[in-house]
Amino acid sequence: MKIAVLGTGYVGLSTGVCLSEIGHQVTCIDIDDQKISRLQQGISPIYEPGLETLLVKNTGAGRLIFTTSHKDGVEGAEIIIIAVGTPQRPDGGADLSYLEQAAKDISGHIEKGTIVVIKSTVPVGTNEYIKKIIEEKCNKEVMMVSNPEFLRQGSAIHDTMNADRIIIGFENKEAAEKVQEMYRPLQVPVIFTGFRSSEMIKYASNAFLATKISFINEIANLCEAVGADVEDVAKGMGKDKRIGEAFLQAGIGYGGSCFPKDVKALLHTAGRYGVNFSMLKETISINDFQKEVLVKKAIKRFGELKGKKIGILGLPFKPETDDMREAPSINIAQSLTNLGAEVVAYDPVGTEQAKKIIGDTIQYVSSVFDAVLGADALFIVTEWKEFTQLDLASLMKKMKYPIIFDGRNCLEEDRIRQCEKIEYYPIGKQSIL
Ligand code: NAD
């Protein structure tokens, strides 16, 4: 099939690359000419495992093309997939301005029978709204399909190729079947529904996962108070099939480009319809609290942090990505510097993105060694694999004090216990002193 994808961010690019890999002829369009020129050279603008290999392979095979021209990209396409951003507005609702613009950009090039798919995460009612915008502009009926995306950054290619389900929200059966046909080689279960339920499935899924994280974080805080171990508790809970093991890792809160904004957008939708979804308010406030727990633990340990040198390991909101959007490291760095601490941070891939958001209030270094050198304490903020394998005994000798606050419970306790004099403060478990 001939497919056009608007937006070459995490979702659009992964989708475009994977659809070309399964044999479709794909043109990816973006308004960012720098992104497009890098992509034309086979360079991925984002860090995502496996993406660049498939990018080079499929551009080489002539199945994947990149352009900034909506006309060139969209003309002749049987399916147009919109995967532009839907960031948070100041009032918590979803900002649909990129989507509205994308609708205008394609409307001049829609032909009879062209299917428009909205893959971006959009509030209930948006597919109907965008359909109207396009139809008013192009003066013909448009076949819309709502097809929200569930990939995770850090495993976007794997998740696209091995999705748990594909949601197809539709009004027009022919359009729904064609989109199902597009995905057929992936052999993923498809759920057909209406626009509104499809839109709601995406928000309900993310809000549920975010709530699961906040729930286990509250359990973690209670475990610390009562002398229980949250990892054992999560293991014991997770073996129950009704609960499941995923998303029961206690830590320093969720971040990223989706959970924070999607929970707020769902709350905003509830408000608009007069529904008091108070549980979501708690999910958000627990998460805000949790982003500060490492700093609180450090204050408890040191009294005050003024003049203390804190090494931070890990900056993005999770490993295997360089995405810094809503990463807990932002709050942590800000709180530490506000309290007068000197912060030295290391991340294997996220430093460039972090500089754009956190700025020069902290120092960025290029090795774990430089981050711990002379530090009063070490904060582990992102659980990169390389941090779990550290030679702790020799690293601790480089620190002023061998004190670790592990926001991801990613260090093995046996290895900690082998180090002399170490102080280790995990989340939801007893400290090792
Ligand atoms: P992103 O910000 O990384 O990328 C969006 C891209 O769209 C940018 O490159 C931008 O330049 C481009 N763009 C904007 N307007 C355009 C236009 N008119 N024409 C062509 N390109 C245009 O966004 P993302 O993280 O890929 O997310 C996209 C959507 O998917 C959002 O609604 C998001 O909530 C949802 N989503 C994201 C993830 C994720 O893990 N990032 C997962 C599932 C769903």
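Modeller: The model is predicted. UniProt, in an unreviewed entry, places "domain: UDP-glucose/GDP-mannose dehydrogenase C-terminal" at residues 311-413.

Biologist: What is the make-up of residues 311-413, in helix and strand?

Modeller: The span is 35% helix and 18% strand, and its end C-alpha atoms lie 20 Å apart.

Biologist: Why is Leu151 called buried?

Modeller: A residue is buried if 20 or more other C-beta atoms lie within 10 Å of its own. Leu151 has 20 other C-beta atoms within 10 Å, so Leu151 is buried.

Biologist: Where is Leu151 found, and which residues is Leu151 in contact with, leaving aside neighbours within four places in sequence?

Modeller: Leu151 is in the loop between β6 (143-146) and α7 (156-161). With those neighbours left aside, its contacts are Val11, Ser14, Ala156, Asp159 and Thr160.

Biologist: Which residues of helix α13 are buried, and what covers them?

Modeller: In α13 (residues 293-302), the buried residues are Val293, Leu294, Val295, Lys297 and Ala298. Their cover includes α12 (278-290), α14 (328-338), β12 (377-380), β13 (403-406) and β14 (423-425). After α13 comes Gly303, with a positive phi near 90°.

Biologist: What makes a set of residues a nonpolar core, and how many residues has the largest one?

Modeller: Its members are buried nonpolar residues joined through C-beta atoms within 7 Å. The largest such core has 118 residues, and Val117 is one of those with the most contacts inside it. Helix α9 (residues 195-226) gives the largest share of this core, seven residues.

Definitions and conventions:
Residues numbered from 1 in each chain as written. Predicted model: local features only at pLDDT ≥ 70, side-chain atom pairs only at ≥ 80, totals over all residues. Helix = DSSP H or I, 4+ residues; strand = E, 2+ residues; numbered from the N terminus. Buried ≥ 20, exposed ≤ 12 C-beta atoms within 10 Å, placed from the backbone. Contact = placed C-beta atoms within 7 Å. UniProt positions renumbered as here; feature names shortened; annotations may be inferred.
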